[in-house]
Amino acid sequence: MPAVELTARAAAAGNEEETQNLITGRVRKLEAPTPECIGSKSGDLEEQIDRGKLVRLYEQWPSKNIFCCWGLLMTGGSDDCFCPNICVWCFILVPCALYFGLVAPSLVAHGIFLLPGATLAVFCTTTGLLLCTCCTDPGIIPRREVVLATGSAEQLRVALGYDVLGEEGEGTISQKLRKEGFRLCNTCSIIRPPRASHCSDCDNCVMRYDHHCPFVNNCVGQRNYHYFFGFISCALVLALMVLPALALHLLNPRQERAIRNAAKIDQRMSFFFYFLIGVGVLVAFAAFLSLLLWAYHLFLIVTKQTTKEFRRGLANIDEEPTLCAARGPQLFDPWAWIDLKDMSSARRRL
């Protein structure tokens, strides 16, 4: 009996969830399209995954970002930024480790609990905000090939209020949008809104782009600027709590006498003492720079400017706040299934 006739008989029986394949004896589920199927044009989702036709978007991300934790976290992909980022973590973790290893036990032994507890809370907040700044989407506008492969043009039009692919999807921009500050990105082949800009380090267009920060190895934009400003604010407070306490502890007359006596026994102790002084000077200098950075961004927030707008003298066309504006949704789904053929064909059309 022909397979077409068997399929028609099964469908006529009203069994919409699964039909029995009488030829092979296997059961195949008929599934309606779901958001996970975006980018899949035909065929069964599980079958295409098994054949390697479908992959997660974060596995084939076309720009320089690095995804980790199965697409949950993302950061910039510039190799030049790893060293400054490691230095920032060292400037936070090393002084705090000395504080909690030397100063905090002494304070607790004398019945002082509030100051170490407050320092611990500020330390946890600072590291948490640094992680959020480093590992969250700064407001990336997906490239043209990503939009086409995921079939998300309509969702982006609803979220942003315009078509990122241009008029009739041809990549052209109307005079009305051009007058409002919209621009065509030749690299991403999309229309980006005012205050958005292309970052050459991450190779993405970013909403309300401020700058690419090597110390967090990520762009600072619409979706992580408040994390960034919160981080530098908490880092400044943490430095004011940790550094003076460490200095008082290490320069205490009794402590100094003990170190001098130990140095007489072992000359390596004097080298360690001077090493700590050198590290303290570097950390204090970094804290002073963080104070200047905090004051600079406070000025930008008050004047409603981004770093790029201030440095290049660009006007804030829509008078949108820098810090207190809406964070906005993530404009792409890193877990979306895409067809490799769709991605490659979209690239060939660029």
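Start by selecting helix H10, residues 268-302: with eleven residues, H10 gives the largest share of the lining of the largest pocket. Helices and strands here are DSSP runs numbered from the N terminus (helices H or I with at least four residues, strands E with at least two).

Before you go on, a word on what is on screen. This is a predicted model, where local features need pLDDT of at least 70, side-chain atom pairs count only at pLDDT 80 or more, and totals for chains, interfaces and linings use all residues. Residues are numbered from 1 along each chain as its sequence is written, and side-chain values use heavy atoms, leaving out hydrogens and water.

**Stop 1: the pocket**

Now show Val88, Phe231, Ala286, Leu289 and Ser290; of the 33 lining residues, these lie nearest the centre of the largest pocket. A pocket is worked out on a 1 Å grid over the protein atoms alone, as an open set of points where a 1.4 Å probe fits, with protein on both sides within 12 Å along at least five of seven lines; lining residues have an atom within 4 Å of a point. The volume is about 720 Å³, taken as the space filled by probe spheres set on points that are joined across faces, edges and corners.

Next, colour helix H3 (82-109), strand S11 (211-213), H8 and helix H11 (307-312), which, like H10, each supply at least two lining residues. What sort of residues line the largest pocket? Its lining has 27 nonpolar residues, five polar and one charged, where Ala, Val, Leu, Ile, Met, Phe, Trp, Tyr, Cys and Pro count as nonpolar, Asp, Glu, Lys and Arg as charged, and the others, Gly among them, as polar.

**Stop 2: aromatic pairs**

Searching the whole structure turns up ten aromatic pairs. Rings of Phe, Tyr and Trp (its six-membered ring) pair if their centres lie within 6.5 Å; planes under 30 degrees apart are stacked, over 60 edge-to-face, and the rest tilted. Zoom in on Tyr99 and Phe100: their ring centres are 5.2 Å apart and the planes sit at 85°, so this pair is edge-to-face. Tyr99 is buried at 0% relative accessible area, while Phe100 is partly exposed at 27%. (Buried is under 20%, exposed over 50%, partly exposed in between, with a 1.4 Å probe and protein chains only.)

Then pick Tyr225 and Phe228, a tilted pair with 6.4 Å between centres and 45° between planes. Both are in helix H8 (residues 225-250), three residues apart, or about one turn of the helix, and both are buried. For a cluster, select Tyr58, Trp61, Phe67 and Phe332, which ring pairs link together.

**Stop 3: the cysteines**

How many disulfides are there? The count is zero, with a disulfide taken as a pair of cysteine sulfur atoms within 2.5 Å. Show Cys90: its closest cysteine sulfur, in Cys87, is 6.3 Å away, too far for a bond. Cys90 is partly exposed at 39%, whereas Cys213 is buried at 6%.

**Stop 4: Gly328**

Finish in the loop between H11 and strand S13 (337-339), where you'll find Gly328. This glycine is partly exposed, at 31% relative accessibility. Leaving aside residues up to four places away in sequence, Gly328 touches Gln222 and Arg223, contact meaning heavy atoms within 4.5 Å.
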